[in-house]
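Please look over the sequence and structure first.

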Amino acid sequence: MAAIKLAEGIYSVGVFNPNLRLFDIVMPTEYGTSYNAYLVKGEKTALIETVHLDFFDQYLANIKEVTPLEEIDYLIMNHNEPDHSGSVAKLMELIPNLKVVASQAGSLYLKNITNNKSLAVTVVKDGESIDLGGKTLSFINAPFLHWPDSMFTYVPENEALFSCDFLGSHYCETTMLDTSILPRYKAAYDSAMLGYYTAIFGPFKPYVLKGLEKLKDLSLAFVATSHGPVLTKEGFLPEVMEKYRVWSTSAVRETKQIPLFYCSAYGNTAQLAEAIASGIRETLPDAEVACYDLTEQNMGEMGALLNASDAFLVGSPTLNRDAVPPVWMLLAHIDAINIAKRPAALFGSYGWSGEACKNLRARLEGLKVNVYAEDFRVTFVPSEEELANAKAFGAAFAATLA
Ligand code: FEO
């Protein structure tokens, strides 16, 4: 890849990784990604972010196409996760006088990421700016979009916003322009953008709305994100911003959603799920109560359902002194940032010692979930009396939600 001119004095100098299929261990990237970085040239010159360390040489070659290294004055780090900050230490070896600029939180992270406690970082606050001569870099705090250190950089002369992860996508577009994405690839881009939003910004919806509010009065010709194509006014920018707004706005629900998730080897825990559900329905007739056998469901959808619930229940048999793997997989999808205080309850059939509920409780309480004081457990096959007790258990749990 070579450097790409985006506007007068603004260049893309990042790198493409079209073959990446898993980002940060957990995010599928069917369409690859890009580690974007930019160069802003006024009388002085600023780099906006670095790239993943694996791609440093290509990044360096791209920069040199635009300007000699010794002419670069500033490195602006809008966010310091290592996919953007991984090359800072190496870059500073080549440009020792580079002035690194970040938020207060970013300055702390950078010292640890570079393992240089005496690294000089210029800390900028919301509303402050740096005059490059013919170009201004104005800084906008954007906390939790998606890290505490996140900020945006705005260049008013070009109506250009550098937003780091915000509004980005894991979609490798080698022209760097959204206007190059052909209509037949739009659905692929949309899917990548939604997956990216869900994984990265889903836990931070109130902050997304605050971030959009801060951008509301800015003139934006384009938003240069740090993954995926640059979003332009003529291209996808208005649509992506509106989608972020809609996805981050909680729908007002008339009814409570109370899903029961379970696994059942021989149908015993399944029977408990149905009996408990009937007790919940009796106490809360307007609630949406449904049972989900995790072995028959899409785990991502189940995780989303759990995260959006008003309360949830989890049932597992005990296998080798533990809950079974699909149940743990469900809990791996929990939005740990927003789950605190959510009411939950546990149940399950077991044969010997029945540790599943105890272990699930430890995990959920560790996430500060409000786990109902009792678990409902039976040995082997539930009797009629035990099914009636399960129904009463559901009714009692539901009464705490009314
Ligand atoms: Fe693309 Fe949060 O780093």
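The notes below are grouped by topic.

The model is predicted.

**Helix α6**
- Helix α6 spans residues 205–215, and its buried residues are Val 208, Gly 211, Leu 212 and Leu 215.
- Viewed down the axis of α6, these buried residues fall within an arc of 100°, so they line one face of the helix.

- Lys 214 and Asp 126 form a salt bridge through their side chains, with an N to O distance of 3.8 Å.
- This pair links distant parts of the chain, since Lys 214 belongs to helix α6 and Asp 126 to the loop between β11 (121–123) and β12 (129–131), 88 residues apart.
- Lys 214 has a relative accessibility of 38% and therefore counts as partly exposed.
- Asp 126 is likewise partly exposed, with a relative accessible area of 41%.

- In the salt bridge of Lys 243 with Asp 190, the closest N and O atoms are 3.7 Å apart.
- Lys 243 lies in helix α7 and Asp 190 in helix α5, so this pair ties together parts that are 53 residues apart in sequence.
- Lys 243 is partly exposed because its relative accessible area is 24%, and the cut-off for buried is under 20%.
- Both residues belong to a network of salt bridges that links Lys 186, Asp 190, Glu 239 and Lys 243.

**The Lys 5 and Glu 8 pair**
- The side chains of Lys 5 and Glu 8 form a salt bridge, at 3.1 Å from N to O.
- Lys 5 counts as partly exposed at 46% relative accessibility, whereas Glu 8 is exposed, with a relative accessible area of 57%.
- The two residues get these labels because exposed means over 50% relative accessible area.

**Nonpolar surface patch**
- Trp 352, Phe 380 and Val 381 make a nonpolar surface patch of about 440 Å².
- Trp 352 sits in the loop between β21 (343–350) and α11 (356–366).
- The relative accessibility of Trp 352 is 79%, so this residue counts as exposed.

Definitions and conventions:
Residues are numbered from 1 along each chain as its sequence is written. This is a predicted model: local features need pLDDT of at least 70, side-chain atom pairs count only at pLDDT 80 or more; totals for chains, interfaces and linings use all residues. Side-chain values use heavy atoms; hydrogens and water are left out. Buried means under 20% relative accessible area, exposed over 50%, partly exposed in between (1.4 Å probe, protein chains only). Helices (H or I, at least four residues) and strands (E, at least two) are DSSP runs, numbered from the N terminus. The arc is that of the directions from the helix axis to the C-beta atoms. Patches are made of residues with over 30% relative accessible area and no salt bridge: like charges are joined within 9 Å, nonpolar side chains (Val, Leu, Ile, Met, Phe, Trp, Tyr) within 5 Å. Accessible areas come from the Shrake-Rupley method with a 1.4 Å probe; for residues, only the protein chains shown count as cover. A salt bridge is a side-chain nitrogen of Lys or Arg within 4 Å of a carboxyl oxygen of Asp or Glu.
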